[in-house]
Amino acid sequence: MDKPHFQSLREELDFTTIQIADFLTREVTDAFTRSIEELRTSGHAKGLPIGSIAPDFTLNDHTGKNITLTEEIVKGPVVLTFFRGSWCPYCNLEMQAYQKQIDTINSLGAQLFAISPQSPAHSLTMQENNRLSFPVLCDTNNQVAEKYELRFRLPEYLHDTYQSLDIDLNRFNSDDSWTLPIPATYILDKQGVIRSVSLDPDYKKRMEPTEVIDILRTLT
């Protein structure tokens, strides 16, 4: 069957959810739903609010180059999108959607940096597989995600579930913390002030790149 033509990232994410549900057991989907609701009601990993000064950081990109936020922010607005990893189909779709809009983002004087806890090798693979022209930064142990109040620890009942799906976070992230960031997008102005925040404990929901562009246009 031919892949449908999607008008938005949201439509593509919803279609993927339907496809994935066809091969996951009820036990697995119930575990995922339970973990999302627990995270939503926990009060943890709620993200920094609009108006906050974005915490500075220095991270390596997929090529090993150091990227320091304060050095980049003086060039223009910055979009930070935190994602889970190359193993996540929703993250791949999100990155592909941003790639389609990256020329427009750059034309507005802005830069996009994607951040995940995965190792440089997996970041490089993701960059190559999706032909991304923007940096994919390696946030080892989710240290930057913690500064942005996004870091959370996966419940133990999900460890076996993930591994049964060949998702070994110890291998992907090169650490044994079993922590991830809540998928989130921050838009920062040239002063490093957070002007927009989008996050949701439900990893199947992401900000539309076109919405990011609309906000960037208000900052130029």
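This is a predicted model: local features need pLDDT of at least 70, side-chain atom pairs count only at pLDDT 80 or more; totals for chains, interfaces and linings use all residues.

Reader: Is strand S4 mostly covered or mostly open, with how many of its residues buried?

Author: Helices (H or I, at least four residues) and strands (E, at least two) are DSSP runs, numbered from the N terminus. Buried means under 20% relative accessible area, exposed over 50%, and partly exposed in between, with a 1.4 Å probe and protein chains only. Strand S4, residues 111-116, is mostly covered, with 5 of its 6 residues buried.

Reader: Which strand pairs with S4 over 5 bridges?

Author: Two strands pair if DSSP finds at least two bridges between them. Strand S3 (residues 78-82) pairs with S4 in the parallel sense over 5 bridges. Within that pairing, Leu 80 has Phe 113 of S4 as its bridge partner.

Reader: Which strand pairs with S4 over 3 bridges?

Author: Strand S5 (residues 136-138) does, again in the parallel sense. Here Ile 115 stands opposite Leu 137 of S5.

Reader: What is the handedness of the unit made by S3, helix H4 and S4?

Author: A crossover is right-handed if, with the strands pointing away from the viewer, the path from the first strand over the helix to the second runs clockwise. S3, helix H4 (residues 89-107) and S4 form a right-handed β-α-β unit. From S4 the chain crosses through helix H5 (residues 120-129) to S5, in a β-α-β crossover that is right-handed.

Reader: Which residues lie nearest the centre of the largest pocket?

Author: On a 1 Å grid over the protein atoms alone, a pocket is an open set of points where a 1.4 Å probe fits, with protein on both sides within 12 Å along at least five of seven lines; lining residues have an atom within 4 Å of a point. The largest pocket has 19 lining residues, and Ile 20, Leu 24, Phe 32, Tyr 90 and Tyr 203 lie nearest its centre. Helix H2 (26-42) gives the most to this lining, with 4 residues.

Reader: How many residues line the second largest pocket?

Author: That pocket is lined by 14 residues, with Phe 6, Ser 8, Leu 9, Ala 97 and Lys 100 nearest its centre. H4 gives the most to the lining of the second largest pocket, with 4 residues.

Notes:
Residues are numbered from 1 along each chain as its sequence is written. Side-chain values use heavy atoms; hydrogens and water are left out.
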